[in-house]
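Let's take a walk through a protein together. Have a look at the fold, and then we'll go through some of its parts.

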Amino acid sequence: MKKRIAVLAGDGIGPEIMKEGLKVLDAIAKQFNHIFDYKEALVGGCAYDKYGHPLPDETKEVCNNSDAIYFGAVGGPKWENLPPELTPERGALLPLRGTYNLFANLRPAIIFGPLADAASLKSERLEGGLDILIVRELTGGIYFGRNKVKTLTLHEGALQGNYAVDYMIYSVPEIERIAAVACDAAMKRNKKLTSVDKANVLESSKLWRKVVTDYVQSHFPQIQLNHMYVDNAAMQLATNPKQFDVIVTENMFGDILSDLASAITGSIGMLPSASLAKTGFGLFEPIHGSAPDIAGLNKANPLAQILSGAMLLKYAFGLNRESKAIEEAIMKALENGYRTADLANKTTQEGKILLTSQMGDKVVEYLMVKSETNSNEKMI
Ligand SMILES: NC(=O)c1ccc[n+]([C@@H]2O[C@H](COP(=O)([O-])OP(=O)(O)OC[C@H]3O[C@@H](n4cnc5c(N)ncnc54)[C@H](O)[C@@H]3O)[C@@H](O)[C@H]2O)c1
Ligand SMILES: CC(C)[C@H](C(=O)O)[C@@H](O)C(=O)O
Ligand SMILES: [Mg+2]
């Protein structure tokens, strides 16, 4: 069956890494006999430049008629001083997350074995690898508070430029539904869940802690739950990340902690994500941004984008074998010493530091080798 994928490459390095993501999906389609029907559309600053809006109707239409959204990255200095509702972040990315109710953001932070030497921590702190899943609430909290509260006097004061205000709001059902996703994930893994909040200061965090505790106690008493303040969680991640298995946290804390977790895995260019609705519809994107400092240089790491494609296959279409094949091909490329500039260090062999497009080619090459082996095995 044809699978319709909305392809929104976005700004900066977005188009460069998306090209590699599609290259790999094309290879999968060929080998496993699928038809991926891509519809490309502009989003972010490039859409603003052409249509005067970062999320134009044409793009919404493409998303509405798709089975999944494959997203690159948006934003950049050129657009950061636009009115907030026209910036790529607040005018396109957040509305996409909100419109499709993509409340569950899965951000796996995994160290691929061969990258232990690129990680930010001493190898003894990472012995035996690292496999953390950050479950970030994505459509509530301080990012979406202003849509919920209209306190006229506050807004008037802010409009005059005297002060600025954001609202951190969480409701019980919002916390329960993300707790449910985190518990499901924990049950499939090591039944260990850390809930991160700031309950010593914030009311929304006090509610968060109570609701998560009640939810786990009444639905999954077999899960070992602990709570941690976000400042401590940042320190613990940076010093002893192996204590974590599944982390569940609110929107902004999850944003910050996932960038930190990415550094532990070697580079922010390694972390993919899936943003999912209850219906199963999802948007799949790397956790990093448009990297304006390296845009156009063909040196960005495309692996987070390619891994986001693997998550798309798994979560949107249930294609687990295909998703695994991508992960294995990436592992092979890394095992054989290939690195993009962000992952390279003095032990990287000459000739093995690859450009964005070369890394995409390498992953495809190892996918092919794998499939040839498979088909030989079948023939025997
Ligand atoms: N989902 C998204 O679209 C998204 C996510 C984060 C930031 N942004 C936007 O991106 C713009 C730039 O933000 P920023 O600089 O804070 O964060 P960033 O993630 O774009 O870049 C941070 C640093 O990481 C490096 N980096 C990022 N991705 C990389 C990759 N694949 N390979 C190698 N190096 C990589 C960059 O070169 C930069 O030095 C801003 O407009 C921001 O709002 C968008
Ligand atoms: C660009 C920005 C709105 C976004 C966020 O804060 O959620 C990004 O940092 C991310 O991690 O996806
Ligand atoms: Mg972020």
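At what angle do H10 and H11 pack, and how far apart are their axes? The angle is about 160°, and the axes sit 7 Å apart. (Axes are lines fitted to C-alpha atoms, for helices over the stretch in contact, and angles run from 0 to 180 degrees between N-to-C directions.) That makes H10 roughly antiparallel to H11, a label used for angles over 145 degrees.

Before going on, some ground rules. This is a predicted model, where local features need pLDDT of at least 70 and side-chain atom pairs count only at pLDDT 80 or more, while totals for chains, interfaces and linings use all residues. Residues are numbered from 1 along each chain as its sequence is written, and chains are lettered from A and ligands numbered from 1 in the order in which they are written. Helices are DSSP runs (H or I, at least four residues), numbered from the N terminus.

Back to our pair. H10 passes H11 in a left-handed crossing, meaning that the near helix is turned anticlockwise from the far one by less than a right angle. Among the residues that meet are Leu303, Ile306 and Leu313 from H10, and Ile326 and Ile330 from H11. Here, two residues are in contact if their C-beta atoms, placed from the backbone, lie within 7 Å. Sorted by class, this contact has seven nonpolar, three polar and three charged residues. (Ala, Val, Leu, Ile, Met, Phe, Trp, Tyr, Cys and Pro count as nonpolar, Asp, Glu, Lys and Arg as charged, and the others, Gly among them, as polar.)

H11 has another partner, too: H1, which covers residues 14-32, packs with H11 at about 130°, with axes 11 Å apart. Val24, Ile28 and Phe32 in H1 meet Glu322, Ala325 and Ile326 in H11.

Now zoom out. The domain assignment, which is automatic or from a database, gives domain 1 (1-100 + 290-380) and domain 2 (109-280). Their centres, taken over C-alpha atoms, are 24 Å apart.

Notes: Helices (H or I, at least four residues) and strands (E, at least two) are DSSP runs, numbered from the N terminus. Angles under 35 degrees count as roughly parallel, over 145 as roughly antiparallel, 65 to 115 as roughly perpendicular and the rest as oblique.
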